[in-house]
Amino acid sequence: QEQLMESGGGLVQPGGSLRLSCAASGSISSINFLDWYRQAPGKQREWVARLFRSGTTGYTDSVRGRFTISRDNAKNTVYLQMNNLKPEDTAVYYCNLLRGSTWLRGQNAYWGQGTQVTVSS
């Protein structure tokens with residue numbers, strides 16, 4: 001059964017950096033999209049970054065230039081390098097993938113614990 005596990009979050013001061021990891025139990029080499037999302041308490045889950053099969057990337061405006069999504073196919077892992085972190089980046093971060101036409105984590109499914117990122121002085 002395919003699973004995703006996020007890690008790498010923590011407490012960091014504004015301007016600091018973190019690298020998040022998303023380890024998949026199956027191959028990520030043939031997926032259509034690898035995505036990062038985040039969700040703050042009381043808010044909707046927000047799309048943050050996307051890595052396409054081609055290697056093209058996309059970012060939401062608020063993180064563009066500060067965050068970088070990448071992957072290591074040999075390790076079945078996708079990363080989110082986060083630089084110059086701001087308090088508004090505080091959230092639980094999740095990953096997801098689209099294999100064919102099916103998201104591993106559906107819109108209304110339980111997405112697990114994610115990894116907590118807290119940016120505070």
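# Sheet, cavity and aromatic pairs

Trainee: Which residue in E3 is the bridge partner of Ser7?

Mentor: The model is predicted: local features need pLDDT of at least 70, side-chain atom pairs count only at pLDDT 80 or more, and totals for chains, interfaces and linings use all residues. Residues are numbered from 1 along each chain as its sequence is written, and side-chain values use heavy atoms, leaving out hydrogens and water. Helices (H or I, at least four residues) and strands (E, at least two) are DSSP runs numbered from the N terminus, and two strands pair if DSSP finds at least two bridges between them. E1 and E3 run antiparallel, joined by four bridges, and the partner of Ser7 in E3 is Ser21.

Trainee: What is the order of the open sheet of four strands?

Mentor: E3 and E8 pair in the antiparallel sense over six bridges. E7 and E8 also pair in the antiparallel sense, over six bridges. With antiparallel pairing, the order is E1-E3-E8-E7.

Trainee: Which are the edge strands, and by what angle are neighbouring strands turned on average?

Mentor: Strands E1 (4-7) and E7 (67-72) each pair on one side only, which makes E1 and E7 the edge strands.

Trainee: Which residue of E8 stands opposite Phe67?

Mentor: E8 faces partners in two strands, as E3 and E8 pair and E7 and E8 pair. Leu18 stands opposite Met82 in E8. The residue opposite Phe67 is again Met82.

Trainee: Which residue in the turn between E7 and E8 has a positive phi?

Mentor: E7 and E8 form a hairpin with four residues between them. The positive phi is about 50°, and the residue is Asn76.

Trainee: How many of the six residues of E8 are buried?

Mentor: Buried means under 20% relative accessible area, exposed over 50%, and partly exposed in between (1.4 Å probe, protein chains only). Strand E8 (residues 77-82) is largely enclosed by the rest of the structure, because its buried residues number five of six.

Trainee: What is the volume of the largest cavity?

Mentor: A cavity is a set of points on a 1 Å grid, over the protein atoms alone, where a 1.4 Å probe fits but cannot get out; lining residues have an atom within 4 Å of a point. Points are joined across faces, edges and corners, and the volume is the space filled by probe spheres set on them. The search finds one cavity of 30 Å³ or more, and the volume is about 30 Å³.

Trainee: Which strand gives the most to the lining of the largest cavity?

Mentor: The lining includes Leu4, Cys22, Ile28 and Asp35. Strands E3 (18-24), E4 (33-39) and E9 (91-99) are the elements giving two or more residues. With three residues, the largest contribution comes from E9.

Trainee: How are the planes of the Tyr37 and Trp111 rings arranged?

Mentor: Rings of Phe, Tyr and Trp (its six-membered ring) pair if their centres lie within 6.5 Å; planes under 30 degrees apart count as stacked, over 60 as edge-to-face and the rest as tilted. There are four aromatic pairs; Phe33 and Trp103 have centres 6.1 Å apart and planes at 45°, so that pair is tilted. The rings of Tyr37 and Trp111 are 5.2 Å apart centre to centre, with 85° between the planes, and the pair is edge-to-face.

Conventions:
1 Å grid on protein atoms, 1.4 Å probe; cavity = no way out; pocket = protein on both sides within 12 Å on 5 of 7 lines; lining within 4 Å.
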